[in-house]
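Okay, thanks for coming, everyone.

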Amino acid sequence: MTSLWQHPYVNVFKHFNVSEWKKSTKEGEVVTVMDKTIKCTVYRITGSIPASNYIQLPKTSTQSLGLTGRYMYLLFKPIPSKYFVVHIDVATQDALVVRISFSNLFKEFKATSTWLQFPFVCTATKGSIHAQTAVGTKDRDKSGPAPMSSRWTMLCLDLQYVLSIYLNRRYSYIKSIKLCANMLVKNIFTSDSEYQPGLTLDEAKRTGLMLQGINPVPREMAFLLPRGRNWHDLYDIIRFPTDSSKEPFDLLQLKSSPPVTQNGPPGVISPRRSSPRQVEVRRPFSGTHGSAIDNLTRRDKPPSKKVHVSASLPEFGTDSTTSIIPEENGVHVYAHPKSRVSLHRDGAEQEEPIQAGTRPLGLLPKEPKYKSLKPDPILNLRRLVGFGGGTCRDALWTSNGITLVYPCHAVIVAMNAKNGHQRFFIGHTNKVSSLALNGNSTLLASGQTGQQSVVRVWRFQTGECLAMFKTHVHSLHCLSFSHSGGVLCGVGRDGHGKTMVVIWNMSCVNRGGEVAVMAKAHSDVDIVRMRIAAFDDTRMVSCGRDNVRLWRVKDGALRSAPVNLAEYHTMEFTDVTFEAGFEPQKDPVDRLVYACSRSGHIFEIDYQKMAIHHVRRLKPNDPRTSSRDKQTFSSGNWMVSCGRDNVRLWRVKDGALRSAPVNLAEYHTMEFTDVTFEAGFEPQKDPVDRLVYACSRSGHIFEIDYQKMAIHHVCRLKPNDPRTSSRDKQTFSSGQPSLTMIASQLTGSSSQ
């Protein structure tokens with residue numbers, strides 16, 4: 001339905017309003033002129049450097065045209081004695097952007113995985129002096145500046161066919177178009193229909209061409225045709241590629257043969273496109289100018305030597321050994337049905353016995369024509385220095401506490417902590433984003449990130465890859481193995497960026513079986529870590545920003561319930577796990593769950609009540625932590641900030657961050673340099689009873705009442721310069737005794 005508005009065609013210049021240059025851009029010498037031939041306004045792009053003079057749609061490279069039409073029609077005229085270049089960026093269905101370029105500046109066809117360059121031959125008008133002088137010229141020498149007698153041309157590009165035959169990819173849409181100097185352009189159209197110029201509606205119905213998908217050119221797309229004149233005598237049409245050959249083409253050129261108007265009897269739909277054969281079907285250039293894509297795709301069969309096998313057998317009663325008669329170009333073999341077959345090669349000293357039934361005669365082993373490099377492989381990875389994980393959670397210890405397992409980009413390292421010996425698990429093609437070990441460390445699961453998320457399951461002791469399968473998520477960031485190794489859980493995001501949880505059945509992996517999906521579910525909450533319970537493979541727990549959830553697989557469905565976090569519902573949880581110990585006989589409702597947050601809190605969660613039981617907090621290790629950081633640590637969701645002309649109080653409530661300004665009165669023009677809460681960690685104290693201190697560049701100390709959000713006291717540090725003005729000294733001396741004491745304490749602490 002998204003491309004329904006583009007049917008039957010899209011007038012690109014009109015749809016994107018090129019004349020106003022809001023959705024498109026121009027650079028260099030781009031002007032509008034009136035063309036006398038087609039009697040309409042066109043765009044003339046000129047300049048000595050094509051890359052500096054162009055029209056580009058859309059305006060920026062971050063935008064996209066989103067035109068899904070299979071055919072692109074370009075109505076243009078090359079400027080005589082000049083070169084021009086056209087770039088078309090096309091997106092494939094696997095999100096790859098390919099640039100298709102054609103120009104009379106290119107001398108030969110070139111192709112890479114993301115760029116196709118086609119030479120364009122500007123054909124002179126039939127009967128002109130340029131056409132007569134071009135007779136006998138090789139096609140590769142025709143590419144060059146446009147002749148003086150160049151005409152208006154309708155270029156039809158089959159983008160779907162171009163991507164399919166040259167790159168083996170599926171076409172999705174046009175991302176951008178860039179028309180570079182030197183050329184005249186009337187318009188650009190995209191459509192899923194194939195149009196034939198010079199064809200009327202009555203002729204198309206009478207000949208049955210409309211049933212074959214060929215339609216007359218719409219009025220908006222048509223060139224001006226005087227009465228009584230033939231369209232092909234005034235204008236040119238080039239279709240690329242043509243359908244008269246399945247081989248790749250390497251040149252855009254007008255064909256001199258007349259157009260074909262019918263491909264079969266009326267009313268019969270041909271399985272092939274019946275478009276006019278107006279592009280010359282070419283083989284690749286010869287010599288050093290050959291087409292790179294043709295040389296890659298052409299399959300020349302090398303001459304093979306036939307092995308002559310005689311159907312006759314030795315006479316009955318003779319020796320059962322095989323009789324060999326060497327010939328000039330082969331090997332003559334006589335074989336008895338119940339005896340072994342011997343093969344004798346020319347120049348060999350003895351026969352080579354071949355067991356009967358191992359392979360049919362004629363499929364004899366061939367000696368390799370190359371010699372393998374020895375040793376093979378030449379290089380072996382001996383040691384890896386560095387850690388490629390994003391966080392410490394990507395490093396795992398085995399159950400015996402001897403081996404540390406961690407990733408380094410696409411390689412997984414298992415290092416013995418005692419002697420430093422390393423083993424490597426190699427097979428991933430992208431960065432390893434998650435690791436998981438089962439309870440006894442016999443199985444290792446690893447997942448790689450990227451669009452093609454892949455999970456590999458390894459036998460940990462031997463390094464053998466037991467299974468490899470694609471996941472249902474695009475960016476896998478968490479894996480968790482059950483204690484028994486029978487269940488694997490993965491967390492990532494789907495194509496729409498939504499959190500997705502997938503549970504796999506791994507019970508058959510050790511026996512070479514397939515991996516099956518037990519359950520999967522989407523969630524709107526953020527999930528950073530997910531664990532499977534050691535006592536029950538169907539129970540899980542997850543955590544993330546602002547949430548801790550309990551999960552369970554039941555009747556093929558995956559369901560979850562949130563834990564009541566009370567006043568801690570704004571915490572950012574970083575990890576979660578069940579209590580240590582594998583006790584299957586213990587009731588699950590008597591279990592405990594532990595979670596930790598980024599702020600250093602440790603939460604003990606009651607599994608049965610699904611609520612927080614105890615909260616503890618780790619003590620900071622750095623005693624030099626600033627008072628501002630300590631106070632933010634203890635004040636939870638309360639914050640304070642300062643800057644030029646303002647001091648603001650902040651609070652996080654109901655998932656939103658709100659602020660309110662402090663009434664500074666006559667000090668509203670001050671430049672504040674620092675702010676902090678009063679010293680002391682007293683969580684039982686009400687935040688509204690606290691004080692806030694701020695200092696300014698001029699040396700003022702402000703004591704702010706948190707509840708009233710206004711300045712309570714002001715003092716100023718004594719200046720060191722005795723030449724300070726009397727006004728500044730009076731400001732200091734006019735303070736109250738208590739403020740003088742605060743100032744002296746601050747001065748004493750700073751001197752110490």
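I'll start with the cores and then go through the salt bridges.

First, some housekeeping: this is a predicted model, so keep in mind that local features need pLDDT of at least 70 and side-chain atom pairs count only at pLDDT 80 or more, while totals for chains, interfaces and linings use all residues. Residues are numbered from 1 along each chain as its sequence is written, and side-chain values use heavy atoms, with hydrogens and water left out.

By nonpolar core I mean a set of buried Ala, Val, Leu, Ile, Met, Phe, Trp, Tyr and Cys residues joined through side-chain atoms within 4.5 Å. Buried is under 20% relative accessible area, exposed is over 50%, and partly exposed is in between, with a 1.4 Å probe and protein chains only. The largest core has 47 residues, and the members touching the most others are Leu74, Phe102 and Leu179. Helix α4, residues 159–167, gives that core its largest share, 6 residues. Helices (H or I, at least four residues) and strands (E, at least two) are DSSP runs, numbered from the N terminus. There's also a second, separate core of 19 residues, and among them you'll find Tyr71, Met154, Met221 and Tyr235.

Now the charges. Side chains of opposite charge can pair when their charged atoms come close. For a salt bridge, the cut-off is a side-chain nitrogen of Lys or Arg within 4 Å of a carboxyl oxygen of Asp or Glu. How many turn up in the whole structure? The search finds 18.

Let me pick out a few. Glu464 pairs with Arg459, with the closest N and O atoms 2.6 Å apart. Glu464 is partly exposed at 41% relative accessible area, and Arg459 is partly exposed too, at 26%.

Next, Asp526 and Arg493, where the closest N and O atoms are 3.5 Å apart. Asp526 sits in the loop between β32 (516–523) and β33 (529–532) and Arg493 is in strand β30 (residues 487–493), so this pair ties together parts 33 residues apart in sequence. Asp526 comes out at 26%, partly exposed, and Arg493 at 30%, also partly exposed.

Then there's Arg545 with Glu572, closest N and O atoms 3.5 Å apart. Here Arg545 is in the loop between β34 (539–544) and β35 (547–554), and Glu572 is in the loop between β36 (557–562) and β37 (573–578), 27 residues apart. Arg545 is partly exposed at 47%, as is Glu572 at 26%.

Last one: Arg529, Arg531 and Asp575 are linked in a salt-bridge network.
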